[in-house]
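This report walks through the structure shown below.

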Amino acid sequence: MFYNNKIIFFSLLLIFSAVLLYLINQQIVLVGILRNFFISLIILYSVIILISAILSNIFLPFYILFSKLIKLKCNKSLMFWWTFTIFSYITTFAIFMFSIEY
Amino acid sequence: MLEDKNFIISIIMTILFIVTLIFYYHYKNSHYTIDVFIHKSSHYFKTENYMQAIRYYKKLIMMGVKTDKIYTNTAISFIRMGYYKTATKYLLDMEKNLLPTSEMYYLLGFSYYSQMKVYKLSDYNIPIQYLEKSLDLDKRNKESYILLGKIYEEKNEFIEARKWYKNALLEKIDNSKFYGLIANTYFKENRFKDATEYYNKAISNNKNYISAYYNMAEIYIVQQNFDKAIEYLKKVIEIDPQYIYPYSKIGNLYFAQENYETAIDWYLQALKIEPKEAIVNYYTGISYKKLNMLKKAVKHLKLAAYCGNDDAVKELRTMSETL
């Protein structure tokens with residue numbers, strides 16, 4: 001996904017996180033500070049962003065190398081953002097798959 | 001924004017993503033059968049794996065399977081795990097959706113009572129109200145009588161507690177238990193004659209009622225009638241020879257009378273059952289010390305200290321300073 005408006009993208013990701021949290025809550029009994037909805041939401045949201053950022057950072061060197069090989073103009077920040085949005089959706093889907101599995 | 005091609009593509013991809021999630025959710029759920037979930041949840045509930053049981057019960061409720069048993073078992077699972085507020089939420093949901101049952105009201109009373117203990121509140125009216133409703137629906141609900149009586153005892157309203165125990169006796173539910181509970185209330189009020197009368201009634205209904213014999217021994221200890229106390233403690237041992245406390249209690253009685261040799265005999269019998277019992281080891285050590293058998297005294301005091309008895313630590317320190 002290549003949203004140009006980052007606020008829209010992050011707001012949507014927050015909504016997805018809330019839905020995931022509801023599904024996770026149906027599956028397991030959340031304990032301790034995770035019992036608080038808002039704290040759990042922030043934690044889940046941060047986890048998705050962190051995983052996506054890490055995966056994008058892993059992917060980025062390959063993109064730079066590839067660009068050099070085929071002599072393509074390399075826009076690191078744009079490529080990072082694109083891969084970040086894609087990995088965010090993939091991470092969301094992966095968590096979704098686990099949270100509805102019985 | 002709408003002229004931006006990237007934005008439009010992003011929105012389309014997001015909608016497709018959401019549609020994929022919905023389809024996947026329905027595909028997964030179409031493979032789940034209610035019978036399998038009922039079987040799994042019952043299995044986990046019976047094996048006391050309450051975390052897993054809750055998972056499946058919650059799913060069943062989400063799938064629209066809202067029966068008495070599922071709601072009460074979900075609530076019981078939450079209660080066993082200590083989540084009293086969540087248990088209450090499910091029980092109130094059950095009250096809204098289904099016909100109330102005696103067990104449901106008992107569990108509500110229990111959940112509110114447990115929340116009170118956890119949050120150190122003092123309004124007993126809510127649990128009392130639910131327990132009374134439970135008994136309105138089923139006059140033979142033993143647990144409701146017991147909990148109601150317990151609540152009134154905590155409020156020091158022993159007359160009211162006895163009233164509920166006597167109501168249980170009228171329904172002839174476990175007479176020995178309720179005679180014992182009535183006797184306990186008299187014991188707490190130091191009315192030993194009445195307590196003795198009811199403990200004897202409890203014993204006549206159940207010759208193996210350990211708690212009644214034990215409490216009778218306690219009454220005789222308070223009245224300084226040690227021989228009678230020992231007699232009742234020996235009856236406890238006859239019923240359950242593996243119960244450590246009567247041995248240590250008899251040992252303590254001989255210790256109080258400075259009969260250290262006999263005390264040690266009884267303490268050693270207790271230690272055969274539970275070798276690391278800290279307090280018994282401590283008194284055994286002190287008894288040996290009184291008999292000037294210092295090596296054995298130190299052995300038992302060290303064991304008591306190792307198991308967390310602070311008095312044993314102090315005693316060892318004192319002994320090492322004087323030796």
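## Helix packing in chain A

A crossing of two helices is left-handed if the near helix is turned anticlockwise from the far one by less than a right angle, and right-handed if clockwise. Helices (H or I, at least four residues) and strands (E, at least two) are DSSP runs, numbered from the N terminus. The crossing of H1(A) and H3(A) is a left-handed one.

This is a predicted model, in which local features need pLDDT of at least 70, side-chain atom pairs count only at pLDDT 80 or more, and totals for chains, interfaces and linings use all residues. Residues are numbered from 1 along each chain as its sequence is written, while chains are lettered from A and ligands numbered from 1 in the order in which they are written.

H1(A) and H3(A) pack with their axes 9 Å apart, at an angle of about 15°; axes are lines fitted to C-alpha atoms, for helices over the stretch in contact, and angles run from 0 to 180 degrees between N-to-C directions. H1(A) is therefore roughly parallel to H3(A), since angles under 35 degrees count as roughly parallel, over 145 as roughly antiparallel, 65 to 115 as roughly perpendicular and the rest as oblique. Residues of H1(A) that meet H3(A) include Phe9(A), Leu13(A) and Phe16(A).

## Contact between the chains

Two residues are in contact if their C-beta atoms, placed from the backbone, lie within 7 Å. On that basis, 14 residues of chain A are in contact with 20 residues of chain B. On the side of chain A that touches chain B, the elements giving two or more residues are helix H1 (6-27) and helix H3 (76-99) of chain A. H1(A) supplies the largest share of that side, three residues.

## The nonpolar cores

A nonpolar core is a set of buried Ala, Val, Leu, Ile, Met, Phe, Trp, Tyr and Cys residues joined through C-beta atoms within 7 Å. A residue is buried if 20 or more other C-beta atoms lie within 10 Å of its own, exposed if 12 or fewer, and partly exposed in between, with C-beta atoms placed from the backbone. The largest core has 87 residues, and Ala75(B), Ala87(B) and Leu91(B) are among those with the most contacts inside it. Helix H6 (residues 102-119) of chain B gives the most to this core, eight residues. Domain 1 (174-240) and domain 2 (263-323) of chain B both contribute residues, so the core lies between them; domain bounds come from an automatic or database domain assignment. Apart from this core lies another, of nine residues, including Phe16(A) and Leu44(A).

The centres of domain 1 and domain 2 of chain B, taken over C-alpha atoms, are separated by 30 Å.

## H4 and H6 of chain B

Helix H4 (residues 68-80) of chain B packs against H6(B) at an angle of about 20°, with their axes 11 Å apart. The two helices, H4(B) and H6(B), are therefore roughly parallel to each other, and H4(B) passes H6(B) in a left-handed crossing. Lys69(B) is in helix H4 of chain B and counts as partly exposed, with 15 C-beta neighbours inside 10 Å.

## Residues with positive phi

Glu48(B), which is not a glycine, has a positive phi near 60°. Glu48(B) is exposed, with 9 other C-beta atoms within 10 Å.

Asp174(B) is not a glycine either, yet has a positive phi of about 50°. With 17 C-beta neighbours inside 10 Å, Asp174(B) is partly exposed.
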